[in-house]
Amino acid sequence: MKRFTLGFLGTLVLLAAGVIGCLRLGAVEVRGDVAAPAWQRHLMQFAVHASVRRRAPQVRSSSPPSDGELIAGGKLYLDGCDGCHGRPGGPPRKRVLFSPPPVFAHAASQYSEAERFWIIKHGIRRSGMSAWGTTYTDKQIWTLAAFVGRMQDLPPSVLDAIQPKQR
Amino acid sequence: MKHLLAGSLCALALLAITAAVYLDLGFMEVAADAQPAAWEAGLMPAAVRASVRRRAAAMQNPLPHADATLVAGGKLYMNDCVGCHGAPGHPSDYGVTFFPPAPQFAQSGSQYSDAELFWVAKHGIRMSGMYPQSPHYSDSDLWRLVAFIGRIGNLPPAVAKAIQPPASK
């Protein structure tokens with residue numbers, strides 16, 4: 001039993017020392033232009049998704065967004081989000097980010113509306129996604145979350161209404 | 001010996017299971033606006049610093065120490081970096097909404113040498129909002145930026161004047 005305990009604790013101590021040693025010696029890859037191994041990407045995406053699911057409010061908007069709400073969200077979107085996440089129907093700006101930001105015009109968000117609301121408000125740690133809760137009101141963030149959810153099939157009138165904002 | 005090995009394997013298995021459950025149940029903090037735990041704040045920035053120090057080649061800025069270099073770098077900076085890293089006298093409210101927050105150079109300078117700054121700008125920092133700049137800037141432009149950032153808290157008045165008004169975004 002004494003040997004077992006020694007092996008158990010010894011392994012934990014060694015591992016902790018190894019991890020801290022690697023960090024202190026600068027052995028961790030930090031370059032943003034080198035792709036991370038696939039297992040790391042998948043594991044982290046999975047863990048982030050699980051964490052957002054756990055933390056995001058469970059509420060759902062009761063009704064589909066009105067065109068007015070979509071337009072309000074679309075205008076905000078074209079003002080602050082399109083640089084990384086792309087325009088409706090267009091390609092994203094050519095920015096290489098270590099965790100590539102989702103381009104909503106090409107791939108629908110994997111999150112629910114409430115989860116998108118939570119992400120926009122609080123941001124995502126260790127990614128290029130900043131927290132917008134100090135910039136926008138909750139109501140504005142809800143319109144953004146709704147707009148992103150409809151980006152692949154926007155009513156033409158909404159597309160029209162937000163276009164003149166284009167720089 | 002057998003018991004020692006069994007204890008070791010048990011520790012490894014327990015760790016793996018704990019990590020899997022922790023991640024799977026969503027216990028990992030992902031909100032960028034939450035304060036990091038003390039151990040994290042102590043360990044992670046130091047790890048990034050150590051990695052940059054280890055990897056960045058020791059180089060001297062090849063450009064002349066001249067106001068023209070600073071002005072050229074300052075113009076690039078005011079056009080593209082200022083949004084997150086702040087302007088002289090004007091820290092960026094946007095930059096601090098990232099996790100990790102973007103360093104505010106005009107206020108606190110940089111913890112890196114010129115060669116390290118060059119390396120960071122060129123390659124970016126993984127798991128941060130700092131994306132690699134090499135597709136957008138030549139090496140000479142990056143060195144101009146580095147020269148400017150190194151002096152941003154202490155600019156010659158002529159340079160400070162020449163880079164105003166900022167092309168605000």
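Me: A residue is called buried when its relative accessible area is under 20%. With that term in place for this predicted model, which residues of α7(B) are buried?

Reply: Helix α7 of chain B covers residues 139–151 and has 13 residues. From its first C-alpha to its last the helix reaches 19 Å, close to the 18 Å expected at 1.5 Å a residue. Its buried residues are B:Leu142, B:Trp143, B:Leu145, B:Val146, B:Ala147, B:Phe148 and B:Ile149.

Me: Against which helices of chain B do the buried residues of α7(B) pack?

Reply: Among the buried residues of α7(B) are B:Trp143 and B:Phe148. The buried residues of this helix pack against three elements of chain B, namely α3 (67–80), α5 (105–108) and α6 (114–123).

Me: How many residues of chain B are in contact with chain A?

Reply: The two chains bury about 4800 Å² between them, and 61% of this area is on carbon and sulfur atoms. Of the area that chain A buries against chain B, A:Val30, A:Arg125 and A:Arg126 supply 18%, more than any other three residues. On the side of chain A, 54 residues take part in the contact, and on the side of chain B the number is 58.

Me: How many salt bridges are found across the interface of chain A and chain B?

Reply: Over all chains, the structure has eleven salt bridges. One pair consists of A:Arg55 and B:Glu29, whose side chains meet at 3.3 Å, N to O. Across the interface of chain A and chain B, the number of salt bridges is four.

Me: What does the salt bridge of B:Glu40 with A:Arg125 join?

Reply: The closest N and O atoms of B:Glu40 and A:Arg125 are 3.3 Å apart. B:Glu40 lies in helix α2 (residues 38–55) of chain B, whereas A:Arg125 lies in the loop between α5 and α6 of chain A, so the pair joins two chains.

Me: Is B:Glu40 buried or exposed?

Reply: B:Glu40 also forms a salt bridge with A:Arg126, the closest N and O atoms being 2.1 Å apart. This pair crosses between chains, from helix α2 of chain B to the loop between α5 and α6 of chain A. A:Arg126 is partly exposed, with a relative accessible area of 26%. B:Glu40 has a relative accessible area of 9%, and is therefore buried.

Me: How many residues apart in sequence are the parts that A:Asp138 and A:Lys121 tie together?

Reply: The side chains of A:Asp138 and A:Lys121 meet in a salt bridge of 2.9 Å, N to O. A:Asp138 belongs to helix α6 (residues 138–149) of chain A and A:Lys121 to helix α5 (residues 113–122) of chain A, so the distance in sequence between the parts they tie together is 17 residues.

Me: Which residues are linked with A:Glu29 in a network of salt bridges?

Reply: The network holds residues of chain A and of chain B. Linked in it with A:Glu29 are A:Arg31 and B:Arg55.

How values were computed. Residues are numbered from 1 along each chain as its sequence is written. Chains are lettered from A and ligands numbered from 1 in the order in which they are written. This is a predicted model: local features need pLDDT of at least 70, side-chain atom pairs count only at pLDDT 80 or more; totals for chains, interfaces and linings use all residues. Side-chain values use heavy atoms; hydrogens and water are left out. Helices (H or I, at least four residues) and strands (E, at least two) are DSSP runs, numbered from the N terminus. The expected span of a helix is 1.5 Å times one less than its number of residues. Buried means under 20% relative accessible area, exposed over 50%, partly exposed in between (1.4 Å probe, protein chains only). Contact means heavy atoms within 4.5 Å. Buried area is the accessible area (1.4 Å probe) that two parts lose on being put together, summed over both.
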